[in-house]
Structure formats: C-alpha cells, structure tokens
Amino acid sequence: MFIFLNRTFMALNIIGMMKLEIERKFLIIELPANFLSRYEGVNIRQGYIAIDNDGTEVRIRQMDRSFYLTIKGKGGLARKEFEREIPIEDFNALWEMTANRRIQKRRYKVKYNHLTLEIDQFLGELDGLWM
C-alpha cells in the first residue's frame, strides 16, 4: 500500500509573509522497497513554543543550515501561516523554550503530477512513523 502524508499547498499571499496554508496529511502504511533512494531528503528538527487546543501553534524549525520561526493560525481545512527565517542565535535562544515538545524528521519532496508531496520520516522517539 502506498499512501502519502503531508501534501502542503501554499496559496494566497495575504499580507507580506502571511499565507493561507491548505494541508492534508495521510499516514504512510508502506512504501515500495527503495522508493525514496532516488530522492534527496532534508533533516529537520523542530520545537513547539506554544500549542493551543484550537490548533494555533508557534514553532521554530531548523532545516539543514536554515532556521525559521513559524506561527500557524487555528486548525481547519485552511489556516493562516506566518513564517520568517531567523538567525541561528535566535533559534538557539528559543530552542530552550521547547523542551519536551520537539521532533526530528527527514523530509523528502516527491513530484506527483502537478503536486509536490512531502514525505516525512520521523526519527528519535517517533522512529518508524511515516507521513
């Protein structure tokens, strides 16, 4: 069975860096043998500064040598997202606030028709989870 998780579409530039995110997630049960060997993945570590019950979140993320602060509005089929690249010093200072709310993963971008599918291989405590 071949199921993708985390198809993300960024659309409608609202104000400056604010975007409307339309995201669908699917649990991957099984991938064909060696399927991802033809794609280069990127290492991601992210920590959550705040998460509200309505889905609003503030997080920081490192993708290889780039660092980001992201604020996502309350959940639903579409939600507002603000993302800005930040210096490593800011990332390191904020990282301390994310204890016990951190994940590590490797992300692969796969072209499928007119879409780009993002396949996340979770590492660490969530090792074995694919989305």
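1. The place of T98 is in the loop that runs between α1 (88-95) and β7. The model is a predicted one, and the points below should be read accordingly. T98 has a relative accessible area of 0%, which lies under the 20% limit, so the residue counts as buried.

2. What does the side chain of T98 contact through polar atoms? The partner is the side chain of R102, at 2.8 Å. Once neighbours within four places in sequence are set aside, T98 is in contact with G47, Y48, I49 and I60.

3. The overall architecture may be stated briefly. Of its 131 residues, 32% count as buried. Among contacts between residues at least 6 apart in sequence, 44% join residues at least 24 apart. The accessible surface comes to about 8400 Å², and carbon and sulfur atoms account for 53% of that area.

4. The largest nonpolar core consists of eight residues, namely I28, F35, L36, Y108, V110, L115, L117 and I119. Strands β7 (102-112) and β8 each supply at least two residues of this core, and β8 gives the most, with three. A second, separate core has five residues, among them I60, F67, I86 and F91. I60, a member of that second core, is also one of the residues in contact with T98.

5. Not counting residues up to four places away in sequence, L36 touches L31, Y108, V110, I119 and W130. Y108, V110 and I119 are themselves members of the largest core.

6. I44 is found in strand β3 (residues 41-51). Is this residue buried or exposed? I44 is buried, because its relative accessibility is 4%, under the 20% limit. Beyond neighbours within four places in sequence, its contacts are R61, Q62, M63, I103, Q104, K105 and R107. The C-alpha atoms of I44 and D120 are separated by 9.5 Å, although the two residues lie 76 residues apart along the chain.

7. E118 is found in strand β8, which spans residues 115-123. Its relative accessible area is 11%, so this residue counts as buried. The side chains of E118 and K109 are joined by a polar contact of 3.4 Å.

8. The second largest pocket holds about 250 Å³ of space. Its lining comprises 13 residues, of which R101, R102, I103, Q104 and E125 lie nearest the centre. Strands β3, β7 and β8 are the elements that give two or more residues to the lining. Which element provides the largest share of this lining? That element is β7, with three residues.

9. R102, the polar partner of the T98 side chain, is among the residues nearest the centre of the second largest pocket. I103 and Q104, both in contact with I44, are also among those nearest the pocket centre.

Terms used
Residues numbered from 1 in each chain as written. Predicted model: local features only at pLDDT ≥ 70, side-chain atom pairs only at ≥ 80, totals over all residues. Heavy atoms only, no water. Helix = DSSP H or I, 4+ residues; strand = E, 2+ residues; numbered from the N terminus. Buried < 20%, exposed > 50% of the residue type's maximum accessible area, 1.4 Å probe, protein only. Polar contact = N/O pair within 3.5 Å; in protein donor to acceptor, adjacent residues only side chain to side chain. Core = buried A, V, L, I, M, F, W, Y, C linked by side-chain atoms within 4.5 Å. Contact = heavy atoms within 4.5 Å. Areas by Shrake-Rupley, 256 points an atom, 1.4 Å probe, with all protein chains shown as cover. 1 Å grid on protein atoms, 1.4 Å probe; cavity = no way out; pocket = protein on both sides within 12 Å on 5 of 7 lines; lining within 4 Å. Points joined across faces, edges and corners; volume = space filled by probe spheres on them.
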